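Below are some numbered remarks for a colleague who is opening this entry for the first time. Please keep the sequence and the structure at hand while reading.

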Protein chains: 2
Amino acid sequence: MATMNDVARAAGVSLSTVSYVLSGKRTISEETRQAVLEAIRKLNYSPHSGARALASNRSNVLGLMAPLRADVNVSVVMQFVAAVVTTARTFDQDVLLLTQDDAGGLERVTSQSMVDGLLMMDIEARDSRIPLLARLGKPAVLIGLPDDPHGLSCVDFDFAAASRTAVRHLSELNHIRIGFIGSPPASLERHATYADRARKGFTEACAAADVGSVLRACEATVPALTEALDAVLGGDDPVTALVVHNEALLPLLPQALASRGLRIPEDLSVVAIAPEDVALAAAKPWTAVSIPAHDIGRAAVEMVMDRLNSDKPVEVRLIVPSLVQRETTSAR
Amino acid sequence: MATMNDVARAAGVSLSTVSYVLSGKRTISEETRQAVLEAIRKLNYSPHSGARALASNRSNVLGLMAPLRADVNVSVVMQFVAAVVTTARTFDQDVLLLTQDDAGGLERVTSQSMVDGLLMMDIEARDSRIPLLARLGKPAVLIGLPDDPHGLSCVDFDFAAASRTAVRHLSELNHIRIGFIGSPPASLERHATYADRARKGFTEACAAADVGSVLRACEATVPALTEALDAVLGGDDPVTALVVHNEALLPLLPQALASRGLRIPEDLSVVAIAPEDVALAAAKPWTAVSIPAHDIGRAAVEMVMDRLNSDKPVEVRLIVPSLVQRETTSAR
DNA sequence: CTGTTAGCGCATTCAC
DNA sequence: GTGAATGCGCTAACAG
């Protein structure tokens, strides 16, 4: 591996000149600039990240704590992670992956100066990692919205507004009793904020619009879905519309309804809250409020970088939902 | 942040003594050892990873190139990644995440000395990244088995043997015509090695056991499944058993078969090739050859670390499948 | 516009 | 068993 010294010698300039050509932190004559770049190319030089980190106090690495468990919306997590990595690259940053349960990892990578900033996904309402993270004093962004951000920046989809948008759409279609099938009970129990907020938004919107509501948590299995549908559609006051906030459940839904003799949307309107590709994957594409996982991931990276490079203040950013009507909702 | 110098001063010893206490590379009297450890604790010292990397030529980071796309078995990928990160930590390594399409990333992190070794997932039969990776000269392990490993270590589940095991099981239950529903066409077209090998193993095993076979690639959507089932079950010579190698499809299968009036296993036996948790998630747990994603991820990390720390030779390791009979297969 | 130089924090080779 | 000294490769302040 060639070093900067080798490059300097080959280009007939001093070491610092090479450094400044690379960083652009001072003006260099075009002539010597070219000479240096040529030497870099010829020697196939690239800077040693450790040395750079040592001298500059910057690692060019972001830490990302992601839930690598099976019990979450795996495909959504994937999209977040992909967006984070891709966006980080546009800022010349790499991404170090920490698992959700490795709380000590936050402190470790920070105190070892391995990362310049931290991102944390799958936030719970009163997440114990947050005070810990806040105390580290590194730029950090929560992907999710806890009860108390402890002075950290947050970014998330506005799940409450998503539910409201869905309810408003259905209400305008004259539905007067709407069901909500949401995240698994486990997500509710640990107060994953997306689950809580979507439910809350739904309940409030129904109350405001004066429509009846029934809520069920539901795992992504056929038996669980059957039970949830029984609860929502059974009884003497069945709903005529459904809001579904559970990506893994969507593929199971068409057949479950078909086997009850219910047609979509003639007998039952359905609005999905899900990533767009999931909403579009069905035989009959779902009317949906789409979760822009990519945008959120990108925003999160932009926000850490902002805090890293400038003195922009802490911010809490909620991404506004929008509904696209497709083939699964109609007026009654 | 405290430095090693601070620790040395606080403990009343020299800098090198602290270093040796940490590395254990030479014997230190228990007395001074304790003094040093105490100082470390008191100052909350931890070594600067950049400085360590610079001096030791080791970053304690592994690069992992993972497919963060929606078109693969997302949950399986997740399990691999989780296993890799967890295992890496037991070797005191962290994991840097690279996306599948960022071929340049391999060279970048290598030439910048950011990583000590590389892992690559989702290998294709003639993957263009492999010669590139081989040329880098870093310890590397492929999670998957290409046509030509270019002298790199490989580890993977023995998908061919998995199919054979499934066929043997069904053959012993007197099934004489078996269907195979596999990965999506897209996976076949790019020759993802797991897809190719599972198919090949199936075809060969059927021939060897003298049972009839029908193969279909299938996306994880209801229409695609319907079509695949038509092909396999329709005609005047329907199969009496099915091998399914497609995690995302499994949740859709019970209803698809039920709606055809087929009972499992009375009318149709089914063997899944899938991670155990997926196989167990169904209302009626699948008889399955389980894909031990965790074991494979762990093995991959162990193999890079072997090549990093010792001169163990390159190896190709295939993990032997085993079948667990549950409620979805029976004799005819 | 360019060169010289002093660290950044740690691992390790010598000397004792 | 311990300490002093050197260098890893780079950044940035200082000096022209």
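This is a predicted model: local features need pLDDT of at least 70, side-chain atom pairs count only at pLDDT 80 or more; totals for chains, interfaces and linings use all residues.

1. On the α5(B) side the contact involves Val76(B), Gln79(B), Phe80(B), Ala83(B), Val84(B), Thr87(B) and Ala88(B), which meet Ala293(B), His294(B), Ile296(B), Gly297(B), Arg298(B), Ala300(B) and Val301(B) of α14(B). Sorted by class, this contact of α5(B) with α14(B) has 9 nonpolar, 4 polar and 1 charged residues.

2. In chain A, the axes of helix α5 (residues 74-90) and helix α14 (residues 293-309) come within 8 Å and cross at roughly 40 degrees, which makes α5(A) oblique to α14(A). Here α5(A) passes α14(A) in a right-handed crossing, and the residues that α5(A) brings to the contact include Phe80(A) and Val84(A), while those from α14(A) include Ile296(A) and Val301(A). The residues of this contact of α5(A) with α14(A) divide into 9 nonpolar, 4 polar and 1 charged.

3. As for the overall division of chain A, its domain 1 covers 4-51, its domain 2 is made up of 57-157 + 293-319, and its domain 3 covers 159-292. Taken over C-alpha atoms, the centres of domain 1 of chain A and domain 3 of chain A are separated by 59 Å.

4. Which element gives the largest share of the side of chain B that touches chain A? The contact takes 40 residues from chain B and 40 residues from chain A, and on the chain B side the elements that each supply at least two residues include α4, α5, β2 (94-99) and α6 (103-111). The largest share, 7 residues, comes from α5(B), and by class this side of chain B has 24 nonpolar, 14 polar and 2 charged residues.

5. The residues near DNA strand C divide into 13 nonpolar, 12 polar and 3 charged.

6. Around DNA strand D there are 27 residues, and Met4(A), Ser16(A), Ala55(A), Ser14(B) and Thr27(B) come nearest. The surface near DNA strand D receives at least two residues from each of α2 and α4 of chain A and α2 and α4 of chain B, and by class it has 12 nonpolar, 12 polar and 3 charged residues.

7. Some backbone details deserve a look as well. The peptide bond from Ile264(A) to Pro265(A) is cis, with omega near 0 degrees, and Pro265(A) lies in the loop between α12 (253-258) and β9 (269-274) of chain A. In chain B, a cis peptide bond joins Ile264(B) and Pro265(B). Asp210(A), found in the loop between α10 (193-209) and β7 (212-217) of chain A, has a phi near 60 degrees, a positive value in a residue other than glycine.

Note on methods. Residues are numbered from 1 along each chain as its sequence is written. Chains are lettered from A and ligands numbered from 1 in the order in which they are written. Ala, Val, Leu, Ile, Met, Phe, Trp, Tyr, Cys and Pro count as nonpolar, Asp, Glu, Lys and Arg as charged, and the others, Gly among them, as polar. Two residues are in contact if their C-beta atoms, placed from the backbone, lie within 7 Å. Helices (H or I, at least four residues) and strands (E, at least two) are DSSP runs, numbered from the N terminus. Domain bounds come from an automatic or database domain assignment. A residue is near a molecule or strand if its C-beta atom, placed from the backbone, lies within 6 Å of it. Axes are lines fitted to C-alpha atoms, for helices over the stretch in contact, and angles run from 0 to 180 degrees between N-to-C directions. Angles under 35 degrees count as roughly parallel, over 145 as roughly antiparallel, 65 to 115 as roughly perpendicular and the rest as oblique. A crossing is left-handed if the near helix is turned anticlockwise from the far one by less than a right angle, and right-handed if clockwise.
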